[in-house]
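Please consult the sequence and the structure shown below while reading.

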Amino acid sequence: MADSAPVKPVSQPDELTEPFFAAGEEGRLLLATCAACGEMRLPTSPTCPICLGEGFEWNEVSGRGTVYTFAVMHQRYHPAWEPDLPYNIAVVELDEGPRMPANIVGVENDDIVVGMPVEVAWEREGDAPVPRFRPVA
């Protein structure tokens, strides 16, 4: 029996998030917005954590933001990520307000700084697009 490479545990589309991933295939970033109070939210959920309203609509956002915080991972916590060590994990504060966890690409880990302007850069992991961010040139 041949060994197969481990698969990275990344989000995959489901009934709730299909529009998010479909827009990602087109290079667009959508966020769920509460139909009752207008709060944009991450992660997507059927109930608003602010007003507890049910229902939401998808709204396209700019895909721009700034690095709010980040860390560089040197230890392997999952075998699929070992070839990427060291890799970064960041929280990007989108221009529209919500904060989104993601990796910063297109820059060395040592060059990432809090406050760095970034924009969404979609990359494929398995069958789904994954939002990552790159510095704004």
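In what follows, contact means heavy atoms within 4.5 Å. The model is predicted.

Helix α1 spans residues 18-25 and lies across β1 and β3, running at about 155 degrees to β1. Four of its residues, F20, F21, A23 and G24, are buried. These residues lie on the same side of α1, because they cover an arc of only 160 degrees around the axis. The buried residues of α1 pack against β1 and β3, and also against β6 (99-102), β7 (117-125) and β8 (128-135). The helix is followed by G27, which has a positive phi, near 80 degrees.

**The three-stranded sheet**

Strands β1 and β3, across which α1 lies, belong to an open sheet of three strands. The order in this sheet is β2-β1-β3, and the pairing is antiparallel. The edge strands are β2 (40-41) and β3 (56-61), each of which pairs on one side only. Strand β1, residues 29-34, is joined to β3 by six bridges.

**The cysteines**

How many disulfides does the structure hold? The structure holds zero disulfides. A disulfide is a covalent bond between the sulfur atoms of two cysteines. C34 is in no disulfide, and the nearest cysteine sulfur, that of C51, is 3.7 Å away. C51 is likewise in no disulfide, its nearest cysteine sulfur being that of C34. The accessibility of each cysteine is listed below.

| Cysteine | Relative accessibility | Class |
|---|---|---|
| C34 | 3% | C34: buried |
| C51 | 34% | C51: partly exposed |

C34 counts as buried because its relative accessibility is 3%, and buried means under 20%. C51, at 34% relative accessibility, counts as partly exposed.

**Domains**

The domain assignment of the protein gives domain 1 as residues 12-61 and domain 2 as residues 62-137. Taken over C-alpha atoms, the centres of domain 1 and domain 2 are separated by 20 Å. Where the two domains meet, 13 residues of domain 1 are in contact with 14 residues of domain 2.

Technical notes
Residues numbered from 1 in each chain as written. Predicted model: local features only at pLDDT ≥ 70, side-chain atom pairs only at ≥ 80, totals over all residues. Heavy atoms only, no water. Pairing = 2+ DSSP bridges. Helix = DSSP H or I, 4+ residues; strand = E, 2+ residues; numbered from the N terminus. Axes fitted to C-alpha atoms, helices over the stretch in contact; angles between N-to-C directions. Buried < 20%, exposed > 50% of the residue type's maximum accessible area, 1.4 Å probe, protein only. Arc of directions from axis to C-beta. Disulfide = S-S within 2.5 Å. Domains from an automatic or database assignment.
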